[in-house]
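Hi everyone, thanks for coming. Please have a look at the sequence and the model on the screen, and then I'll talk you through them.

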Amino acid sequence: MAITESVAKAAPVAGRSLRQVVWSRVRHDKVAMTCLVILILLYLIAIFAPLICKVIGVDPYAFDGASISDSGGAPIGDWGGISRAHPLGVEWGTGRDILAQLLFGLRISLLIATSATIITVFLGTVIGIVSGYAGGRTDAVIGRSMDLILAFPFLLIILALSGVLTQRLSSLGVPEGNPSRILYMILVLSVFGWPYLARIVRGQVLSMREREYVEAAIAMGARTPRILFREILPNLWAPILVYATLTLPTYIATEAALSFLGIGVLPPDTSFGAMLANSVSYFSVVPSYLFIPGVVLVVLVVTFNLVGDAVRDALDPRSGRV
Amino acid sequence: MSDQPLLRVSNLKTYFPVKSGGLFRRSLGQVKAVDGVSFDVNAGETLGLVGESGCGKSTTGRSILRLIDPTSGRIELDGVDVTDLSKKELVPFRRTAQMIFQDPYNALNPRHTVGSIISGPFQVQKVDPPGGVRAAVQELMERVGLNPEHYNRYPSEFSGGQRQRIGIARAIALRPKLIVCDEPVSALDVSIQAQIVNLLKDLQEDFGVSYLFVAHDLSVVRQISQRVAVMYLGHIVELASREVLYTRPLHPYTHALLSAIPLPDPDRQKQREQITLNGDLPSPMNPPSGCVFHTRCFRAEDRCKVEIPELVEVAPGHVLACHFPMTEMVIGTRIEGPNSGLVEMPNRDIEAPSEVIADMAEEGRGGPVTADYVGDPDRD
């Protein structure tokens with residue numbers, strides 16, 4: 001047959017799976033690779049913080065009376081008492097090591113922000129898809145609940161309810177103190193965060209369900225779950241990933257703000273928010289208190305955003321970058 | 001061929017409710033997209049369904065596949081009444097009837113590889129072809145003129161014509177008995193149109209599949225159809241074999257459509273007079289009384305405004321719904337019409353311009369071209 005002859009002559013092309021294609025595109029993006037390495041490093045540091053502290057010989061909980069002055073508790077030495085024993089200085093008044101606090105703070109900040117992002121993305125995606133595809137009454141009910149959540153005075157409510165709800169969590173079996181405070185933060189961030197993503201997803205699904213490939217799937221005899229998760233969901237990865245990579249640093253910042261307002265983790269544990277809150281009183285004397293967690297925060301946010309951009313570009317077959 | 005038609009559509013009606021916006025949605029009326037359509041499609045046959053945009057031809061095709069639920073009527077496919085099957089009961093029926101879509105850019109999921117798109121029917125219907133799904137898919141790709149090596153490529157890496165081949169491979173994967181082709185070539189270049197039409201014809205010869213070929217391009221329909229039905233505003237106004245419909249049409253609307261086919265020769269195109277229909281397609285929410293075509297018909301008389309013309313068989317295999325069919329007409333003579341004055345009937349011996357054949361080299365493959373094929377450049 002004339003049609004197939006000419007085609008058969010074309011050069012054979014090795015087939016690659018989507019993951020391979022995305023990976024090969026990300027790998028050729030130097031900025032993205034640098035950021036990815038930094039992110040992985042930060043996560044590894046967070047995971048292995050206790051080990052690292054032990055190796056360096058710092059302890060986030062140990063008071064060091066020798067490194068602060070007896071009167072007033074000011075750190076001895078420049079830049080918050082930077083010394084061989086305390087590479088990033090010590091805390092005002094207690095002499096606790098800043099580097100160790102930073103590592104443990106990174107751990108808690110990443111734990112809260114990552115868990116909250118995962119839950120947000122899961123809730124937002126599932127609810128958004130169902131809302132957009134089902135339409136009608138389901139969509140209306142979900143839409144109004146989202147409006148309700150978005151209209152809530154978020155900050156006020158979570159501040160007001162923090163005491164009651166952390167106690168409720170404790171009574172449900174979560175260890176009292178910081179574990180239930182951390183869980184409370186994760187839940188609060190997710191519950192108030194998912195409607196934003198759900199709206200984005202719903203909008204996308206609304207336009208997607210009218211596409212002919214969805215109709216083609218129905219004509220094949222595909223059931224609704226297959227249509228939702230095999231036909232529609234793969235087209236949503238780009239917006240979801242971009243949203244997730246933008247949300248995660250936002251949650252780190254929100255967690256910091258909440259800690260600042262006093263519903264974050266309690267001493268002796270710490271997080272970026274708590275460290276930044278502490279730094280405010282000493283800023284004019286020891287600017288490094290603000291500077292050190294601030295720099296790590298900026299690095300986190302920027303790297304997350306750059307990686308998100310790179311993944312989005314790689315996921316979009318029409319972007320034309322190979 | 002059995003004496004029973006493969007597809008029998010009886011008095012099919014598909015109405016869409018129109019509701020007001022806002023919290024309390026009042027019903028404002030119905031769009032009568034398909035309003036009492038009946039026809040048969042025999043095994044191995046192609047029935048062309050033509051009409052202008054908005055006449056309900058796509059809705060008819062989608063209603064038959066139950067992609068849109070019909071309001072009333074009866075659809076029998078292969079002896080089974082599929083009109084009232086539930087979603088679950090429809091699943092096996094999907095093997096018998098498939099669809100090819102108009103827009104090759106929209107009909108393929110951009111996130112799926114060609115291989116996974118074409119293997120979709122096998123997965124959904126849990127069919128395990130001998131030799132495995134991958135081998136079956138690659139055989140299909142080869143059959144429709146695609147390189148089987150491109151199994152893992154994405155639709156965005158293909159041209160419009162190639163994408164339409166992917167859509168065709170998906171449609172024929174489970175060897176359906178009926179394929180509804182919803183304007184399968186109207187989004188393609190003229191040169192590619194001929195290739196796709198020829199591919200569809202080849203597949204029909206090989207597998208004996210029937211097509212319901214929905215199009216507004218009469219030249220393409222002439223190429224592929226054995227019989228042609230003309231739709232206007234949700235009704236079939238004329239249905240006849242291809243030869244009869246293109247040479248001795250009886251309905252004024254069919255005449256108007258045929259006169260709109262551009263001629264390849266610009267001199268002759270300038271000389272001939274076309275039947276220009278006045279006005280727009282009336283709203284299907286509020287169709288005209290009597291014959292739905294009377295508002296634009298150049299032969300309409302008072303009777304047409306009140307009396308709905310029945311669809312009657314005027315000759316064997318030739319059905320017509322018109323009070324004043326154009327029986328006295330001979331091609332090429334002048335006729336008088338109350339609405340548009342003098343009209344000359346189009347001269348319809350169409351020849352293929354050599355440029356069209358030369359264009360076939362595009363896309364690197366020259367499909368066989370039948371000599372009298374002419375594409376319609378006036379597509380929407």
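I'll go through the chains, the sheets, the core and a few single residues.

First, some housekeeping. This is a predicted model, in which local features need pLDDT of at least 70 and side-chain atom pairs count only at pLDDT 80 or more, while totals for chains, interfaces and linings use all residues. Residues are numbered from 1 along each chain as its sequence is written, and chains are lettered from A and ligands numbered from 1 in the order in which they are written.

Let's start with chain B. Its secondary structure comes to 12 helices and 14 strands; here helices (H or I, at least four residues) and strands (E, at least two) are DSSP runs, numbered from the N terminus. Of the 380 residues in chain B, 47% are buried. By buried I mean that 20 or more other C-beta atoms lie within 10 Å of the residue's own; 12 or fewer is exposed, in between is partly exposed, and the C-beta atoms are placed from the backbone. Among contacts in chain B with a separation of 6 or more, 65% join residues 24 or more positions apart. A contact here means that the two C-beta atoms, placed from the backbone, lie within 7 Å.

Now the domains, whose bounds come from an automatic or database domain assignment. In chain B, domain 1 covers 7-18 + 30-225 and domain 2 covers 235-344. Their C-alpha centres lie 29 Å apart. Across the boundary, 16 residues of domain 1 of chain B are in contact with 12 residues of domain 2 of chain B. On the domain 1 side, β2 (27-41) and α7 (218-224) of chain B each supply at least two residues, and β2(B) gives the largest share, eight residues. That side of domain 1 divides into seven nonpolar, five polar and four charged residues. In this scheme Ala, Val, Leu, Ile, Met, Phe, Trp, Tyr, Cys and Pro are nonpolar, Asp, Glu, Lys and Arg are charged, and the others, Gly among them, are polar.

Chain A also has two assigned domains: domain 1 (25-55) and domain 2 (109-291). There, the C-alpha centres are separated by 24 Å.

On to the sheets of chain B. One is an open sheet of four strands in the order β2-β1-β4-β5, with antiparallel pairing; two strands pair if DSSP finds at least two bridges between them. You can find B:Lys13 opposite B:Asp35 in β2(B). Helix α1 (residues 57-64) of chain B packs on this sheet, touching β1, β2 and β4 (72-77) of chain B, and its direction makes about 110 degrees with that of β1(B). Axes are lines fitted to C-alpha atoms, for helices over the stretch in contact, and angles run from 0 to 180 degrees between N-to-C directions.

The other sheet I'd like to show is open, has eight strands and mixed pairing, and runs β6-β7-β8-β3-β9-β10-β12-β11 in chain B. At its edges are β6 (97-100) and β11 (312-315) of chain B, each pairing on one side only. The twist averages 25 degrees from one strand to the next. Strand β3 (residues 46-50) and strand β9 (residues 227-232) of chain B pair in the parallel sense over four bridges, and B:Val50 stands opposite B:Val230 in β9(B).

Which residues touch the most other members of the largest nonpolar core? Of its 164 residues, they are B:Ala169, B:Val180, B:Leu212, B:Phe213 and B:Val230. Helix α6 (residues 98-134) of chain A provides the largest share of this core, 14 residues. A nonpolar core is a set of buried Ala, Val, Leu, Ile, Met, Phe, Trp, Tyr and Cys residues joined through C-beta atoms within 7 Å.

Finally, B:Asn11 in strand β1 of chain B has a positive phi near 50 degrees, without being a glycine. B:Asn11 counts as exposed because it has 12 C-beta neighbours inside 10 Å.
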